[in-house]
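Let's take a friendly walk through a protein chain. Have a look at the sequence and the 3D view first, and then we will go through them together.

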Amino acid sequence: MALLEDSFGAPVTMAGTELYLVPAGKVARITMIQVANVDGVNDADVSVYWQDASNAGAVTYLCKSAPVAALDALSVMAGGLILAAGDKIFAVASADGDLE
């Protein structure tokens, strides 16, 4: 399988945001996940997890209900995570419009 290197980003919502889906026939190496709080007043919490397509969609949290202060950022993961085709990364926010 080909190794995929890419960048991605999206607003994180209370309903949950699918940040990334590894395309068919690819392997993705995730080297960093960072969440920024763009709200100038309110703190917000974030949960980030990956869903394993090869294990009935099993979920592994990278952080759960981690606080992100107003106008600050949180490094959820630094290093490396190897994901296979069909695996997904999701994020869920405690408030809409605060986290990216």
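Leaving aside its neighbours within four places in sequence, which residues is Leu83 in contact with? With those neighbours set aside, Leu83 touches Val22, Val27, Ala28, Ile30, Trp50 and Ile89. Here, contact means heavy atoms within 4.5 Å.

## Before we start

This is a predicted model, in which local features need pLDDT of at least 70 and side-chain atom pairs count only at pLDDT 80 or more, while totals for chains, interfaces and linings use all residues. Residues are numbered from 1 along each chain as its sequence is written, and side-chain values use heavy atoms, with hydrogens and water left out.

## The overall build

Along its principal axes, the C-alpha trace spans about 45 × 25 × 20 Å. Of the contacts between residues at least 6 apart in sequence, 73% join residues at least 24 apart.

## How the strands pair

Two strands pair if DSSP finds at least two bridges between them. S2 and S7 run antiparallel and are joined by four bridges; Leu21 has Lys88 in S7 as its bridge partner. S4 and S7 also pair in the antiparallel sense, over six bridges. There, Val48 has Ala91 in S7 as its bridge partner.

In soluble globular proteins, nonpolar side chains tend to be buried together. Of the 100 residues in this chain, 33% count as buried. Buried means under 20% relative accessible area, exposed over 50%, and partly exposed in between (1.4 Å probe, protein chains only).

A nonpolar core is a set of buried Ala, Val, Leu, Ile, Met, Phe, Trp, Tyr and Cys residues joined through side-chain atoms within 4.5 Å. The largest one here has 23 residues, and those with the most contacts inside it are Ile30, Ile33, Val46, Val48, Leu83, Ile89 and Leu99. Strands S2 (17-21), S3 (26-36), S4 (44-52), S5 (58-68), S6 (73-84) and S7 (88-93) each give two or more residues to this core.

## Rings that meet

How many aromatic pairs are there? The count is three, where rings of Phe, Tyr and Trp (its six-membered ring) pair if their centres lie within 6.5 Å; planes under 30 degrees apart count as stacked, over 60 as edge-to-face and the rest as tilted. Phe8 and Tyr20 are stacked, 4.9 Å centre to centre with 20 degrees between the planes. Phe8 is in the loop between strand S1 (2-4) and S2, while Tyr20 is in S2, 12 residues away. Phe8 is partly exposed at 31% relative accessible area, but Tyr20 is buried at 10%.

Tyr49 and Phe90 are stacked too, at 5.2 Å and 15 degrees. Tyr49 lies in S4 and Phe90 in S7, so this pair ties together parts that are 41 residues apart in sequence. Ring pairs link Tyr49, Tyr61 and Phe90 into a cluster.
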